[in-house]
Amino acid sequence: MSTRPTPHAGVAAALSASPAAHASPPAGLVFPHVERAHAIRVEAPPARAFALFEPVGEKLWAAGWHPEFLHPADGEAREGAVFLTRAAGEPATVWMIALHRPEEHHVAYARITPGIRAVRVDVRCRPDGTDATLATVAYEYTALSEEPDPYLEGLDEARYREGIEAWGGAIAHHLRHGTAPADPGH
C-alpha cells in the first residue's frame, strides 16, 4: 500500500478533517431534501444512449464537463469508479459510480460537494420505438448545511424539467453534428 500523497489528497483531508463531519446535527434540524425526475427522448438505441450518460460519454455532449478520474485513471465506467468535477466558487465534487448495469442500461452515481450537498443521480434508458430511447434522469438532493441552499430552494419541477430538456437538446446536437453545443445547460 502506497503512502505517497496524490494530487487530490487535499480533498480527502478536507472531508476527514472537518469538525462538522464528526458532529451530529442539532436535534430537530431538518436538512432540505429535494427529489426530481424527468424523461427525455434520445434518438439512438438504448446501448448508444446509455453510453452518453457515463462520465466519458457525457464529455461528448456536455460542454464544460471535465471529470478528473481518480480510479480507474482511464475513466472506465464501472461500479466503484471515482472522479471529481469542479464548479466555480465551490469545493470539488466527489463522484462515485454506485451502480453500473450496462446490460440493463442503468447507472447510478453518488456525489458529495463537501459542506454543500449530497446527491444521488439515477439514469435508466429503455427502448422508445425502433431506434430511440427514453432516458429517465432522477436526482435526490440533500443539503449538508443548515444554511439555506439557494439552488435547492429554486429547484421546482419546471426548473428541473427545463435543465434535463436542455440535456436532451445537447445530446441531440451531438448525435446530429458529432460535437457538444456551446451551452448545453448542464
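User: How do I read strand pairing here, and in which sense do β3 and β4 pair?

Analyst: Start with the general idea. Helices (H or I, at least four residues) and strands (E, at least two) are DSSP runs, numbered from the N terminus. Two strands pair if DSSP finds at least two bridges between them. Now the case. Strand β3 covers residues 82–85 and strand β4 covers residues 93–101; they pair in the antiparallel sense over four bridges. T85 has T93 in β4 as its bridge partner.

A note on the source: this is a predicted model, where local features need pLDDT of at least 70 and side-chain atom pairs count only at pLDDT 80 or more, while totals for chains, interfaces and linings use all residues. Residues are numbered from 1 along each chain as its sequence is written, and side-chain values use heavy atoms, with hydrogens and water left out.

User: How many bridges join β4 to β5?

Analyst: Seven bridges join them, and the two strands run antiparallel. Strand β5 spans residues 106–113. Find L99, then look for A108 in β5: that is its bridge partner.

User: What do β4 and β5 form together?

Analyst: A hairpin, with four residues between the strands. Look at H105 in the turn: its phi is positive, about 55°.

User: Now salt bridges. How many does a search of the whole structure find?

Analyst: First the rule. A salt bridge is a side-chain nitrogen of Lys or Arg within 4 Å of a carboxyl oxygen of Asp or Glu. The search of the whole structure finds eight. One of them joins the side chains of R36 and E157, at 3.4 Å from N to O. R36 sits in strand β1 (residues 33–42) and E157 in helix α6 (residues 157–177), so this pair ties together parts 121 residues apart in sequence.

User: Which residue forms a salt bridge with D128?

Analyst: R41 does, with the closest N and O atoms 2.6 Å apart. This pair also links distant parts of the chain: D128 is in the loop between β6 (117–127) and β7 (133–143), R41 is in strand β1, and they are 87 residues apart.

User: What about E76 and R78?

Analyst: They form a salt bridge, with the closest N and O atoms 3.6 Å apart. E76 is partly exposed at 42% relative accessibility. R78 counts as partly exposed at 31%.

Note on methods. Buried means under 20% relative accessible area, exposed over 50%, partly exposed in between (1.4 Å probe, protein chains only).
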